[in-house]
Amino acid sequence: MKTQRLGQSDLVSSRIIYGVMRVGGAWQAAGAGEADQQAVATDRILEAVDSGINHFDTADIYGGGRCDELLGAALRGRPGLRDKVIVTTKCCIRRLAKPVVGSGEWYDMSGQYVRDSVDAALRRLNMDVIDVFLMHRPDLLVEPAELARAFEDICAAGKIRWFGVSNYFPNQVSLLQKCLPMPMVLNQVPLNPLDVDRFYDGTMEQCMTDGITPTAYSPVAGGVFGTGSKPWENHPRPDDVNNVIEVFDAVAGKYDATRTQITLAWLLRHPAGICPIIGTTRSERIAESVKADAIDLGREDWHRLTNAARWYAGYVPMTGSKHTRR
Ligand SMILES: NC(=O)c1ccc[n+]([C@@H]2O[C@H](COP(=O)([O-])OP(=O)(O)OC[C@H]3O[C@@H](n4cnc5c(N)ncnc54)[C@H](OP(=O)(O)O)[C@@H]3O)[C@@H](O)[C@H]2O)c1
């Protein structure tokens, strides 16, 4: 597995990252007992390690904190492993006490909430230090100077090595970075064949300009771009999705690759150094995914795939602006 330095940090990550959200959340919803859940999560995490992945993504809200615990316990089970891997976790998403119309979430980047969240994450992970800590969603009430003080104190206490963000737009990254004494190393954003907005909103260019690594979550669109998968039954545009799938399958055939592999190879090919975060809970799909790293996707084929994704998203060719969808 190829590796890459994360932003301006000293951390060297595998190009493909393993996300543990589903092994501790969606998996639990399937009704497994707690012991089984740890056993399965440990197996998947160690399989990921053995197939060359050294970077794991989790968050306080995944499985209500359970994913942090599962990850920490899995890494502790193999002597010396903790020091060989990168652990990224996140905070900021809170639940409204009384949900209202719209979302039941709100985002809290107040200094005190972030300080408390770091301590809670360290306890759940049962670790002395977290490698990368992300602000999960932009808080429109953030006071950057207050947050900068919190980050400085947390770093000085040796609790977090590096900070980053997730789901941030370029202007939000710029504002925060301007106030922080340390460089942000990651911006974790949604990117897959059904969601290419971050190719057109300046996110990639900002990452390249400022030395931030973009990581892509839901890279196979939660399964739709997994090998052999079909659009969900209640998908609003199944025919359009199938059109995009056809293009990805055709290019995959040319490289003797699967749909999952060509989708990941497409993200990996971007010059911003995108690291996709895979979320499968199945051994065979981890093994399949890591092979994407070996595909040398040609320029024209990359654009073929991007044209299909861009068509689905409704972007006008060349300009990057959105047209009115039919
Ligand atoms: N920052 C954020 O806001 C944010 C949001 C979402 C996720 N994340 C992170 O990103 C990680 C990955 O996200 P994700 O899980 O949505 O990524 P994903 O890899 O796009 O989707 C994984 C899902 O796709 C299914 N799948 C994969 N291949 C398939 C196939 N061939 N046929 C049918 N289904 C298939 C998997 O099912 P199986 O398990 O059965 O393989 C799983 O349910 C998460 O673990 C989390 O760490 C971050």
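Start in the loop between β11 and α10 (238–254), where Ala 221 is placed; helices (H or I, at least four residues) and strands (E, at least two) are DSSP runs, numbered from the N terminus. Residues are numbered from 1 along each chain as its sequence is written. The model is predicted: local features need pLDDT of at least 70, side-chain atom pairs count only at pLDDT 80 or more, and totals for chains, interfaces and linings use all residues.

Ala 221 is not a glycine, yet its phi is positive, about 55 degrees. Ala 221 has 20 C-beta neighbours inside 10 Å and so counts as buried. The cut-offs are these: buried means 20 or more other C-beta atoms within 10 Å of the residue's own, exposed means 12 or fewer, and partly exposed lies in between, with C-beta atoms placed from the backbone.

Next, select Cys 92, in the loop between β5 and β6 (93–95). Cys 92 also has a positive phi without being a glycine, near 120 degrees. Cys 92 is buried, with 26 other C-beta atoms within 10 Å.

Now select strand β5, residues 86–91; 6 of its 6 residues are buried. Ile 86, Thr 88 and Lys 90 point one way from β5, while Val 87, Thr 89 and Cys 91 point the other way.

Which strands pair with β5? Strand β4 (residues 55–57) pairs with β5 in the parallel sense over 3 bridges; two strands pair if DSSP finds at least two bridges between them. Here Asp 57 has Thr 88 of β5 as its bridge partner. From β4 the chain passes through helix α4 (residues 66–76) to β5, a right-handed β-α-β crossover. Right-handed means that, with the strands pointing away from the viewer, the path from the first strand over the helix to the second runs clockwise. Strand β8 (residues 130–135) runs parallel to β5 and is joined to it by 4 bridges. Lys 90 stands opposite Leu 134 in β8.

Select α4 itself. The helix is largely enclosed by the rest of the structure, because 9 of its 11 residues are buried. Among them are Arg 66, Asp 68, Glu 69, Leu 70 and Leu 71.

Move on to strand β10 (residues 186–190), where 4 of the 5 residues are buried, so the strand is largely enclosed by the rest of the structure. Strand β9 (residues 160–166) runs parallel to β10, with 2 bridges joining them; Ser 166 stands opposite Gln 188 in β10. The chain crosses from β9 to β10 through helix α7 (residues 170–179), and this β-α-β crossover is right-handed. Strand β11 (residues 213–217) is parallel to β10 and joined to it by 5 bridges. The bridge partner of Asn 187 in β11 is Pro 214.

Finally, show the whole protein chain, with its 13 helices and 12 strands. The C-alpha atoms fill a box of roughly 50 × 40 × 40 Å along the principal axes. Of the 326 residues, 44% count as buried.
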